[in-house]
Amino acid sequence: MTSIERTAYPRFKRLITAHELHLFFSPTRDELEWAADATDCDEHLLALLLMLKSYQRMGCFPALEDVPEQVVEFVRRAVELPEGTLPVYRAERTAKHHRGLVRKRGGVAYDQAEARRIAEQSIRKEAAAKNRPADLINIALEKVVEAGLELPGFSTFDKMASKIRTEVNASICAGIHDRMSPLQHTELLRLLEERDNDGMTLFNRLKKPAKGPSWSHFKNLTRRMEWLDGLGDSAVWMDGVAARKITDFAGEADAGDAPALRDYTPVKRLALIACLVHKARMRVRDDLATMFCKRVATKIKKAKTELEEIRLAERELIEALIGNYRTVLKDIDADGPAQLALAKAVEMTAETRAALEGLDEEASADEVVRRLGGKVSPALLAFVKALVVQAGGLATVTKTVEGFGGFAQQYEQIEKVSAHHGNLWEPLLYGQIGRDRAVMFDLAEQLEFTATSEDGRVLDALAHAKRHQGARGEYITAFDEEGKEVDISFATQNWRKVVVDKTRTGQFVRKHFEAMVFTYLAEELRCGDVAVLGSEEYADWSQQLLAWEVVQDKLADYLVEVGLCEAGETTEFDAQFFRRQLEDKLRDAAAAADAGYPDNEGLVIDPETGIPSLKPHRAEGLTPSAKRLEQEIKARMLERTLIGILSRTAYWVEWWRRFGPASGNEPKLDDPFGRYIITTFVKGTNMGPYEAARHIPGVSGHELSYTANRHFSIVLLNEAIADLVNAHARLDISQAWGDGTTVAADGTHMDTYLDNLLAEASVRYGKPGGIAYHHISDTYIALFTHFIPCGVWEAGCE
């Protein structure tokens, strides 16, 4: 049975603020007169008013004994009934009559058959894409409310969702099974039987997460991808199956082991394994792309660090280059060995040149012999000696440069100095990724990239780099196979300055061109402009958008909901109209800011630069009344333990309902409430499960580890944090920082560090399908520390 706490089925929350009591449960004068005319005693009056306000709030009639005492007392005081008056009926017939009065006043029809029909239809439709019973129940609730019908009991929705979900899942599993060949059936079933070198089944090999972004792991991932692809084309098996269903089926398979899967029916067993294979194929491509992006980011960081190191070592490097250049100049100066050798060579060839002066180019050998007086050999020997002397002079210069480390090292040092003076890290990047060049090209071959828009310039540049992968020269052509120049306008001016050598028109500097391509490929993958076919995290987002026909059906209601249109407005909403709306809103906001500027003492706009800035706000110190208030709060606030705060906030806010198995099924734990609280406490305090088990009686390390690995994830942790933040914002005392729409500049609801920590953890480890559960302790800590404000305020408000 689905826990009602996991659904949106209307019920009274345990945490009801004074503001909510006044907003939702205050009877109006008209409602009081109506209820007084329909009742004959105080008990019935109170009961009818509670039915009316509860129905207005929840859309159904709760049992009067389930109405919280604080709500009963609030309504009783609001209508000034005698103290001790209870909402009770002497006969069920009266209660039924009153429910009819409430329905009539609210204009709601009581048709349980129609409500069940609508609920069943909506659940059956959505069950093809959604798997969690709570989600199906929530959708059915929404449709019944939209139809203006009274909600059936929760058990009706629960049984209906369970039955239909089972039928739909069986149909999906049968479809996956039928789209596979008998040979593929056999291959997948072998995963449960065959064992790897470590003694584990091949099925367990499917569930292994990615390791760190090292190239040795890259090679293992490429082999893993080849093995997974060899199991079959899972995209064909999953044709027509919703992505959410595949994820949940794979989660169910991942949560079990080989013996557990053997207990399933053959059709469902194969379908679950097939979904796990499909997710594994997607995940390995995610891991490869992530590994590539992380590797490039690391290399860019090292290049920037190298630039900083060059700045620190600039004086020493420049002095070395100047000294080297001075030595080379001495070698080729007037008194240097190169110039002396050149003068000697000129002198040695002067006699031969004088003897052959005026000799015709077509003169015969006899004429040459006659000119040289019959001595040809001495003249030629003198000429050869002159060439040797001249070459020796040039060799002196070359030897000098070699003594400084060679021409390559001198060019590299010059590039470093040039990079420093131009504030460029781009020329230094290839020196970092040069050793990874072959592996990066291998990755570009392993993954199939596609552009998510019409801009394919980065992929065209990648294709050009791959065509010249075997080149080892300094330069490559800037033209593709069709003779068109490769467009690198996507790159920054700094990159274009490095890649294009002005002295060599129509050519790129090969090493810098490759570094630029890999840099922008990683950036395009990160921001979604380039997708990886067969991936999940790096999939083509444009293929996941709603069809325009579906959007058109929902557009009018959406525009009203977000405030871009008024209800009933018939104006055609297009791109031009949307732009005009935004421009009007910006102008209004600018006008409001300008109007308030003269009275805003904290905002200053520099008259010369026009740059706005805020003056630092200096606190005036605590007033005596504030100090007395602080002391009084501390005196009244009860002492709480950390695990006590966890337990109490879980009870009042019900954040624990967010956690559960990846399959979407209800948790089969004996006490999920207690298990989730202890697991959160252990992980939030950064303890290990077996370390905690030594100090907490009644729980084992395996239980804690299993719960954390199988029932917690980044997404679920974030949802629990959102519940706590929202609950904290509902408390009256939290309004002390603002009026609900603005917040004072000298106070925050939560420590900014926690939000940054959570954001960092989400970026680092929040990739669907690739979560390494032992790496999410940062998010556990963020969740854990969010309990403290809620727990403190809740304790103080007692």
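Contact here means heavy atoms within 4.5 Å. The model is predicted, and residues are numbered from 1 along the chain as its sequence is written.

**Stop 1: Ile 488**

Select Ile 488 and show what surrounds it. Apart from its neighbours within four places in sequence, Ile 488 is in contact with Arg 496, Val 499, Val 500, Phe 508, Phe 513 and Met 516. Ile 488 sits in the loop between strand S2 (475–477) and helix H24 (493–499). Asp 460 and Ile 488 are 28 residues apart in sequence, and their C-alpha atoms are 9.3 Å apart in space.

**Stop 2: Phe 441 and Phe 518**

A search of the whole structure finds 14 aromatic pairs. For one of them, select Phe 441 and Phe 518: the ring centres are 5.2 Å apart and the planes are at 70°, so this pair is edge-to-face. Phe 441 belongs to helix H22 (residues 437–446) and Phe 518 to helix H25 (residues 510–527), so the pair ties together parts that are 77 residues apart in sequence. Phe 441 is buried, with a relative accessible area of 0%. Phe 518 is buried as well, at 3%.

**Stop 3: Lys 299**

Go to helix H15 (residues 266–312), where Lys 299 is found. With 4% relative accessibility, Lys 299 counts as buried. What does Lys 299 touch, leaving out residues up to four places away in sequence? Select Leu 429, Gln 432, Ile 433 and Asp 436. Then look at the backbone of Gln 432: its oxygen lies 3.4 Å from a polar atom of the Lys 299 side chain.

**Stop 4: helix H7**

Select residues 133–146, which make up helix H7. How does the span of H7 agree with its 14 residues? At 1.5 Å a residue, H7 should span 20 Å, and its end C-alpha atoms are 20 Å apart. Colour the buried residues of H7: Pro 133, Ala 134, Leu 136, Ile 137, Ile 139, Ala 140, Leu 141 and Val 144. An α-helix has 3.6 residues a turn, so residues three or four places apart point the same way. Now show helix H6 (112–126) and helix H8 (154–178), which are included in what covers the buried residues of H7.

Stay in H7 and pick Asn 138. Asn 138 is partly exposed, with a relative accessible area of 24%. Aside from neighbours within four places in sequence, Asn 138 is in contact with Arg 6, Thr 7, Ala 8 and Tyr 9. Between Asn 138 and Ala 8 there are 5.6 Å in space, C-alpha to C-alpha, and 130 residues in sequence. After H7 comes Gly 148, whose phi is positive, near 70°.

**Stop 5: two glutamates with positive phi**

Select Glu 80 and Glu 654 in turn. Glu 80 is not a glycine, yet its phi is positive, about 55°. It lies in the loop between helix H4 (69–78) and helix H5 (92–106). Glu 654 also is not a glycine and has a positive phi, of about 65°. Its place is in the loop between helix H29 (642–653) and helix H30 (672–684). Which side of the burial cut-offs does each fall on? Glu 80 is exposed, with a relative accessible area of 72%, whereas Glu 654 is buried, at 6%.

Trp 655, Phe 659, Tyr 676 and Phe 712 form one aromatic cluster.

**Stop 6: two arginines and two rings**

Select Arg 103 with Tyr 110. Arg 103 lies over the face of Tyr 110, at 4.0 Å from the ring centre. Then select Arg 105 with Trp 34. The charged end of Arg 105 is over the Trp 34 ring, 5.1 Å from its centre.

**Stop 7: Gln 56**

Finish in helix H3 (residues 42–58), which holds Gln 56. Gln 56 counts as partly exposed, at 44% relative accessibility. Show side chains: those of Gln 56 and Lys 53 are joined by a polar contact of 2.9 Å. Last, select Phe 25. Phe 25 and Gln 56 are 31 residues apart along the chain, and their C-alpha atoms are separated by 9.0 Å.

Key. Predicted model: local features only at pLDDT ≥ 70, side-chain atom pairs only at ≥ 80, totals over all residues. Heavy atoms only, no water. Helix = DSSP H or I, 4+ residues; strand = E, 2+ residues; numbered from the N terminus. Buried < 20%, exposed > 50% of the residue type's maximum accessible area, 1.4 Å probe, protein only. Expected span 1.5 Å × (residues − 1). Phe/Tyr/Trp six-rings, centres within 6.5 Å; stacked < 30°, edge-to-face > 60°. Lys NZ or Arg CZ within 6 Å of the ring centre and 35° of its normal. Polar contact = N/O pair within 3.5 Å; in protein donor to acceptor, adjacent residues only side chain to side chain.
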